[in-house]
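Subject: Structure handover

Hello,

Here is the structure we talked about. Please open it first, then read my notes below.

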Amino acid sequence: PYPFSPIFSCQNLPRPNSFWGYPDVTKGLIGLNDSLNLVQSGINVERKIKRMLFAPGTGEGTLHMQSGTIMQLPLPEQKIEAVQIASATADDIAFAANIRSDMDEQSSVPGVATGRVDILPRGITGIAIELLYGPLLKKTDKKRCTYGEMIIEVSKALLVLNNMKSSVSESAA
């Protein structure tokens, strides 16, 4: 009984010949996120690895060790050593930062907006902040252009549903 369809839609970001438009989350961005999760998981696993201890010259027996106690070996020349694990944690952290930077570029969202203030130099000016947030503001403006018409149509429908005349359609007539 109403002069409109109960479904309203618009494009996310303008894209010719596409109903939905460009998505915010692309396959490339998802791939980068998967890579970042893999790198961070590796860092966490590396931190949790327990040191493997060995005692050369003590024979094939098992040494019973308890945390918080000092162990004395039978002979003075015997010692307990730890297996040295090659760590690449610093490289992994730097690689994760590079992946995050790539994600920031692809998503047009600066790292500062997600809480990473360590990339912000001290004494930054207002102009620098405007430049930093420029891509995100441009993306938001594009979305506002596509959403504007839909918001007007929804507002007209709400006026009709509330038994009020649509002032927008009256001024257009």
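A salt bridge here is a side-chain nitrogen of Lys or Arg within 4 Å of a carboxyl oxygen of Asp or Glu. This is a predicted model: local features need pLDDT of at least 70, side-chain atom pairs count only at pLDDT 80 or more, and totals for chains, interfaces and linings use all residues. Residues are numbered from 1 along each chain as its sequence is written, and side-chain values use heavy atoms, without hydrogens and water.

Salt bridges first. The structure has 4 of them. One joins the side chains of Lys139 and Asp24, at 3.2 Å from N to O. This pair spans 115 residues, from helix H3 to the segment before helix H1 (27–48). Helices are DSSP runs (H or I, at least four residues), numbered from the N terminus. Lys143 also bridges to Asp24, at 2.3 Å, N to O. Here the partners are 119 residues apart.

Next, burial (buried under 20% relative accessible area, exposed over 50%, partly exposed in between; 1.4 Å probe, protein chains only). Lys139 is buried at 16%. Lys143 is buried at 18%. Asp24 is partly exposed at 26%.

Now H3 itself. Helix H3 covers residues 126–161. The buried residues of H3 pack against helix H2 (89–107), with contact meaning heavy atoms within 4.5 Å. After H3 comes Asn163, with a positive phi near 60°.

Best wishes

Notes
Helices (H or I, at least four residues) and strands (E, at least two) are DSSP runs, numbered from the N terminus. The expected span of a helix is 1.5 Å times one less than its number of residues.
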